[in-house]
Amino acid sequence: MPTYPTGLRFERIVVPTPYAVGPANVYVFTADPVTLFDCGPNTPATENALLLGLAAIGVAPQQIARIVISHSHPDHYGMAPRLHALSGCEILIGRHDRPKLGDSSMLVATGKLLLQAGMPMEELVEMGHRERRLGELRPEVPVSGVLDGGERLAFDGFGLNVLHLPGHTAGHVCLWDEASGVLFSGDTLLLDISPNPLIEPDPQDPSERRRSLIEYIASLDLLSGMPLATVFPGHGPPIEDPKGLIEEMRAHHRERTERLAKMLDGAGKTGWQLANELFPQLEGFDNFLAVSEVVAHVDLLIEDGRAEQVERDGLIYYRRARTG
Ligand SMILES: [Zn+2]
């Protein structure tokens, strides 16, 4: 068990997910109140892996007093209702991610945004089928409270600060132990995987799309100013050079933005057209990721005044800005 001079101690349990991202991490803070940071998806394989993992570190599911969910994606929260049934634990999540838990209206709003971005209806229907084939991945979660960032979670012997770091989702939260420089980052920082700035409705106005990459880059700026030593992400091994990773991600986004800038013309292209131009070989769920990726980067060009958005026949087109 990693232990730190600050008193911080925790275990990492790796659980399988049915997603391309691969296994997910569940962090268990074994000091009282026993707390999980994320809990994996709602699949039998995850339940087995998690219960075995807990048994191996001497934690009975009944002892779980609190689950903190980093963000509202099913690979991070699906097991929460099951664990709640076993333990009666408290469940906390970022305020802006609360509406997305087990609420299909946000999925419908996301579908509308994808159609506006030019995704064909057949693709959208197929996405829905695929999701259902995977099972009951978005169960209702009995949430007991929301986090805004700035809270301090007290444990016997140490405490963790809640940071609201939006980008990957609107209400993404991370846990931070300033004295040891340890950050539990959820999907805000991942090694070898660029966290997708997914197309997502604005939690305040679901008919509007969130400017997720603009938020994400602001979160990276904030992280780069922090004394990060080791980052424990939502997927994969610990990140030992967080500063280097943050610089890499910034460079990656700059590069992609420049490529898209060159692809824009004066007439306008939809997110779907740009995605197919940038990633010609994509299929299935990857299409959703690709469209998300493209519109998120075009947002940066719009913010810089280098691109503009026009609406025609219910579709959103992006074109080079007509600067005078
Ligand atoms: Zn994830």
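## Helix 5 and the glycine after it

Gly135, which has a positive phi near 110°, follows helix 5. Helices (H or I, at least four residues) and strands (E, at least two) are DSSP runs, numbered from the N terminus. The model is predicted: local features need pLDDT of at least 70, side-chain atom pairs count only at pLDDT 80 or more, and totals for chains, interfaces and linings use all residues. Residues are numbered from 1 along each chain as its sequence is written.

Helix 5 covers residues 121–133, and its 13 residues should span 18 Å at 1.5 Å a residue; the expected span is 1.5 Å times one less than the number of residues. The end C-alpha atoms of helix 5 are 19 Å apart, which agrees. A residue is buried if 20 or more other C-beta atoms lie within 10 Å of its own, exposed if 12 or fewer, and partly exposed in between, with C-beta atoms placed from the backbone.

Five strands form an open sheet in the order 7-8-9-10-11, with mixed pairing; two strands pair if DSSP finds at least two bridges between them. Strand 7 (152–155) and strand 11 (230–233) each have a single partner strand, so one side of each lacks a neighbour in the sheet.

Strand 7 runs antiparallel to strand 8 (residues 158–164), and four bridges join them. Phe155 stands opposite Phe158 in strand 8. Two residues lie between the strands of this hairpin, where Gly157 takes a positive phi near 105°. Strand 9 (residues 173–177) and strand 10 (residues 182–186) are also antiparallel, with three bridges; Leu175 has Phe184 of strand 10 as its bridge partner.

Another open sheet has three strands in the order 12-14-13, with antiparallel pairing. Its edge strands, strand 12 (269–270) and strand 13 (307–312), pair on one side only. Six bridges join strand 13 to strand 14 (residues 315–320), and Arg312 has Leu315 of strand 14 as its bridge partner.

## Backbone features in loops

Asp313 lies in the loop between strand 13 and strand 14. Although not a glycine, Asp313 has a positive phi of about 50°. Asp313 is exposed, with 5 other C-beta atoms within 10 Å.

Asp38, in the loop between strand 3 and helix 1 (44–56), has a positive phi of about 70° and is not a glycine either. Asp38 counts as buried because it has 26 C-beta neighbours inside 10 Å.

A cis peptide bond joins Asp32 and Pro33, with omega about -10°. Pro33 is in the loop between strand 2 (24–29) and strand 3 (35–37).
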